[in-house]
Each structure stands twice: as structure tokens, then as C-alpha cells.
Amino acid sequence: MKTNFTFRSLSENEREQAVHFIEYREIECTALMEELLSGAENLFVLENNQNKKFCALFYIRNESTLLHFIPFLTEEKNPDYNFSLEQLKEIRELVTKFILSKKIFCVYGEHFGTEYIKAILTSNGKDLIAANDYILMRNDLTSEIFSGDIRVKDNWKNLNVRKCSLEDSSNLMELERGYRNEEISVLEHRESDMVIQFVLNKALSAQIIFGAYIFDKGKLRAVAKAATNGRGKNFYQIGGVYCDKDFRNNGIANYVMQHLLRFIKAEGKKANLFVKVKNEPAKKLYANLGFVPVGKYQISYFQK
């Protein structure tokens, strides 16, 4: 039987082609772009057999998290995706077969793509634990905010803000635990300190993290942090922004973010992030720093 599409592993000599395939919408899949650029394995492509063009790209992280780029879901006017109902049915069957062969716990990415995968999983008996909706925001870092030195407010003067390294791991642990427990953990899947420490150390090695420190009772204490969680070709994605509850409402997160954003600008990149729809304080913080909404994002969690 003749098939219109092939679902297969991405070969090493196709990596540059895949980068070009997602680059025009990299803001929606910065973490996926990072994996492509880093040489990661476990990348899979849906290919049109007629013109040999890619139609979708997937990555399996840590054997349980699915990152995706599925442009035909939102580009109805693109001639490359002018698929018939029969072709769309064939694609869904191929994607379903692939997804059900994996033990997916988390689906992470652009809203419509995540909804597409979520529908496949739930219709095949996978229990949905939670679906978190986010606003995707963009910052080209052209605002005059970033043209000069940071204006330091009086309540910031006792803070030491700097780029962190692995040596800061123990100091940042409390902030990382707070962030993950408040923003990431879902129901019974609360992470152990061992897992949190591992994730933090990996981020300190691969990402950019700025921390704000004070001396408290003779000891150095981290009170806020801002980080990247994806370093793509044109965009750095920000995540892990968190301030100790005792130091909130003082603009400290803004101060740390300004340091991180200046670093990103110096790298010649743009910034993006996603923020929970109902997180009004965070939305206000990011808007004040020049971020503008550009789309929707979703992270869905499933029973293991």
C-alpha cells in the first residue's frame, strides 16, 4: 500500500535541514532548537514522501517528555500543508503509533501542538493529570531600558547580583526547590531534593543563571534568581524566575531579570518566555521589562 508520509528518526546529515525547518517559528520551540544544535539524539521527523519536505519534528527528553513542532496544525494557507482528510488521517495514525510506543509523562510546547498530542493520548486511555496554559511572550531587547546601566533603587543596594556557576549550587537549592514546588510539581509527582539538585546542577552547567545574594546572619543567602531554560539559534528562553517569599514585592525579580536580559542582548540573541495565564504579578513584571504576548503555550502531564 502506497503511503504519503514517513515517520522516522532524524539522521545526523539532516540536522541542518531540521534547523532551517523550525527556525522561522523558533520562538515557539526554542528548547527543541537547542536540542537540535547540541547534537541530541531521540529526534524524530514526519516527512512528506512526495516532496521529501518535513511536516513535523519531535524530541523525546529523558525518555518521558515530548517536545514538538507541528506547523500544519496552524498553517492552513501554507501550500506545503494543504493536506486532504485522508492525508491528515494517515498522519494522525503515524503520530499515534509513535506516541504510544513511548512512555510519555509530559508534553511541552505550542498550544495547538500540545492539544493535538493530548487528544491522542487521552483517546488511547492515558490519564491526564494536569494541563497548564501559558502566554508566550517575546522581547527583542530594543527598549531603552537596556541601553545603559541599570538604575539601582535604594532597596537593591545591599544585593549582589551575578552570574552563577556550579559553586553556587547549594546556595541556590532553596530557591530552586521553591520554584519547582510552586510552578512545576503536579499532584503526587512532587520531586525529591535529589532530583531537584540534579536538575539545578545540570542547569548551572548548560544554562545561564543570575542570582541575587545578601549577607544574612553572616552567611551568603540567595534571595532571587532568573535563568534560561533553552538556548536556541536566535532566542534564549527564560524560565526559573523565582524570588524568596520574604523578599517579594520589592522589585528584586525585576533587578535580576535586567541583568539576565542584558547578558542575552550582549550575546546577540532575543528573549522569550511563557507565563501562566493567571499569574498576574509575573505578567506585570515581564510587561514592564518590554515583553509582549505573541501566542499560547501549554504543558500537559499524564499518569506514568
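Reply: We will go from the whole chain to the sheet, then to one strand and the cores. Please keep in mind that this is a predicted model.

Me: Let's begin with the overall picture. How many helices and strands does the protein have?

Reply: There are 8 helices and 12 strands. The C-alpha atoms fill a box of roughly 75 × 40 × 35 Å along the principal axes. For a chain of 304 residues, a compact globule would have a radius of gyration near 19 Å, and the 21 Å found here agrees with that. Buried residues account for 52% of the 304. Among contacts between residues at least 6 apart in sequence, 73% join residues at least 24 apart.

Me: Now the sheet. In what order do the strands lie?

Reply: The general idea is that strands of a sheet pair through backbone hydrogen bonds, either parallel or antiparallel. Here the sheet is open, its pairing is mixed, and its 12 strands follow the order β1-β2-β3-β4-β5-β12-β6-β11-β10-β9-β8-β7. The edges are β1 (5-9) and β7 (160-163), each of which pairs on one side only. From one strand to the next, the twist averages 25°.

Me: Let me zoom in on β4. Are its residues buried or exposed?

Reply: All 5 of the 5 residues in β4 (residues 65-69) are buried, so this strand is largely enclosed by the rest of the structure. To read such a strand, look at each face in turn: T65, L67 and F69 are buried on one side, and L66 and H68 are buried on the other.

Me: Which strands pair with β4, and in what sense?

Reply: Strand β3 (residues 54-61) pairs with β4 in the antiparallel sense over 5 bridges, and R61 stands opposite T65. The two strands form a hairpin with 3 residues between them, and N62 in the turn has a positive phi of about 55°. Strand β5 (residues 106-110) runs parallel to β4, joined to it by 3 bridges. The chain gets from β4 to β5 through helix α3 (residues 85-100), in a right-handed β-α-β crossover.

Me: Last, the cores. Which residues have the most contacts inside the largest nonpolar core?

Reply: As a general idea, in soluble globular proteins nonpolar side chains tend to be buried together. The largest nonpolar core here has 55 residues, and F58, F72 and I117 have the most contacts inside it. Strand β3 gives the most to this core, with 7 residues. Apart from this core lies another, of 35 residues, among them I150, A224, L260 and A271.

Me: What does F58 touch, leaving aside its neighbours within four places in sequence?

Reply: Its contacts include F7, F44, L66, L67, H68, V95, F98 and I117.

Key. Residues are numbered from 1 along each chain as its sequence is written. This is a predicted model: local features need pLDDT of at least 70, side-chain atom pairs count only at pLDDT 80 or more; totals for chains, interfaces and linings use all residues. Side-chain values use heavy atoms; hydrogens and water are left out. Buried means under 20% relative accessible area, exposed over 50%, partly exposed in between (1.4 Å probe, protein chains only). Helices (H or I, at least four residues) and strands (E, at least two) are DSSP runs, numbered from the N terminus. Two strands pair if DSSP finds at least two bridges between them. A crossover is right-handed if, with the strands pointing away from the viewer, the path from the first strand over the helix to the second runs clockwise. Axes are lines fitted to C-alpha atoms, for helices over the stretch in contact, and angles run from 0 to 180 degrees between N-to-C directions. A nonpolar core is a set of buried Ala, Val, Leu, Ile, Met, Phe, Trp, Tyr and Cys residues joined through side-chain atoms within 4.5 Å. Contact means heavy atoms within 4.5 Å. The radius of gyration is taken over C-alpha atoms; the globule rule is 2.2 Å times the number of residues to the power 0.38.
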